[in-house]
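Subject: Structure handover

Hello,

Here is the structure for your files. My notes on it come after.

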Amino acid sequence: MPLLKAIPSRTQPWSIVSTEAQLIRVPVNPPRGDAIQKFSVLELPLVKIIDAAGNSGLGFGYTIGQGGSTILELLRTEVLKKLEGMDSRRITYIHEFLKKSLHALSPGVVLSNALAAVDIALWDLNAKRNHVPLHIFLGGAKDRVPVYNTDVGWLDRELGEMIDLCKRAVRRDGFRALKLKVGKPDWREDFERIAKVRKAVGPSIKLMIDANQSWTIDEAVRRLRPLEQFDLTWIEEPLLATNIQGYQRLREHISIPRAGGESLYDPSDFYENIRLGALDILQPDVARLGGITPTMKVCGMAGAANLKVAPHVSPELSLVVAAATPNSMFIEYIPQMEPVLKRRIEIVDGYAVPPDVSGHGIEFNRESLRQYEAIA
């Protein structure tokens with residue numbers, strides 16, 4: 001296929017006339033950890049796109065402490081300058097043009113984040129221009145989506161603290177689903193943590209576990225078989241994300257549904273997992289996949305294969321996608337972005353409710369952005 005050409009529109013109300021990019025670094029204190037890493041900062045590369053009529057859209061990607069300055073540099077030197085004069089209504093065209101013109105950098109999280117920030121800003125801009133909430137602009141499949149709490153279950157939380165947080169999340173905050181990180185050096189410690197949380201919250205609360213790609217196939221089978229008794233909703237990323245054969249083999253040995261996708265960077269990767277029956281639940285990450293445009297492709301493929309999707313992290317943004325998707329199952333609650341938001345996501349009786357405002361509805365606190373901006 002020949003390289004798409006940039007086709008600037010003659011100056012019309014929808015023509016892109018201005019773009020901005022900045023990097024926000026939000027401290028995470030105390031640092032949080034899983035089986036392979038700890039992070040102490042959430043990085044948010046932000047993009048603002050303005051059309052000739054003065055409408056604006058805001059988009060962002062994220063990293064957990066590394067690579068944000070590289071994404072910002074890519075946006076400022078290579079990506080945003082290509083947008084001037086283009087028709088902001090042609091979101092898919094722009095996404096494909098940028099992806100092909102920067103093909104040598106793909107696939108990978110740096111380019112995906114840059115593309116995502118632009119793509120999200122364009123969807124936000126177009127929904128605002130049409131005075132409609134973005135989840136409705138994208139299809140409006142649902143008016144609320146179940147949400148699970150990951151913040152209670154970090155691997156570096158002490159057992160007593162984790163149990164108390166799980167009970168509070170259920171009894172005070174109304175969560176009906178919780179996710180626990182696993183991957184302790186001794187499998188018996190994982191077993192104890194899950195067993196005690198299950199006892200503390202009862203059988204009606206859904207429990208998920210996440211190994212963050214830390215096991216081999218043989219290790220996963222040994223560790224997961226004893227955990228089947230706890231009625232787990234899924235095991236997330238027990239193996240390397242690219243180990244499709246391993247995920248196929250895992251199905252032969254355990255009954256716990258296999259979830260994954262946060263570390264896949266192109267819809268074609270999801271297609272292979274679907275075609276080969278490697279995953280039961282797909283978890284596209286809007287930033288790592290390159291934006292809303294490719295994420296909706298993945299959700300559509302999953303629906304055609306009768307599979308559920310549970311978009312990964314960024315709950316404020318994942319809610320937009322999940323509420324537009326008939327086969328969405330959950331979104332994930334992690335509060336790391338809340339220090340720079342005007343309002344946190346609305347959760348009622350275990351469901352996240354998308355905001356009834358034009359665009360994606362994610363509003364940043366300007367003072368907080370100034371406080372945490374990384375000065376280039």
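The notes below cover a helix pair, an arginine and the cysteines.

This is a predicted model, in which local features need pLDDT of at least 70 and side-chain atom pairs count only at pLDDT 80 or more, while totals for chains, interfaces and linings use all residues. Residues are numbered from 1 along each chain as its sequence is written, and side-chain values use heavy atoms, with hydrogens and water left out.

Helix pair. Helices here are DSSP runs (H or I, at least four residues), numbered from the N terminus. The axes of α5 (residues 159-171) and α6 (residues 187-201) cross at roughly 30 degrees and come within 10 Å; axes are lines fitted to C-alpha atoms over the stretch in contact, with angles from 0 to 180 degrees between N-to-C directions. The crossing is right-handed (near helix turned clockwise from the far one by less than a right angle). On the α5 side, the residues in contact (heavy atoms within 4.5 Å) include Met-162, Cys-166 and Val-170, and those of α6 include Arg-193, Val-197 and Ala-200.

Arginine. Arg-129 lies in helix α3 (residues 109-129). Its side chain makes a polar contact with that of Asp-51 at 2.9 Å (a pair of N or O atoms within 3.5 Å, one able to donate a hydrogen and the other to accept it; residues adjacent in sequence count only if both atoms are side-chain atoms). Beyond neighbours within four places in sequence, Arg-129 also touches Trp-14, Asn-55, Ser-88 and Arg-89.

Cysteines. The disulfide count is zero (a pair of cysteine sulfur atoms within 2.5 Å). Cys-166 is buried at 0% relative accessible area (buried means under 20%, with a 1.4 Å probe and protein chains only), and Cys-299 is buried at 3%.

Regards

Key:
Helices (H or I, at least four residues) and strands (E, at least two) are DSSP runs, numbered from the N terminus. Buried means under 20% relative accessible area, exposed over 50%, partly exposed in between (1.4 Å probe, protein chains only).
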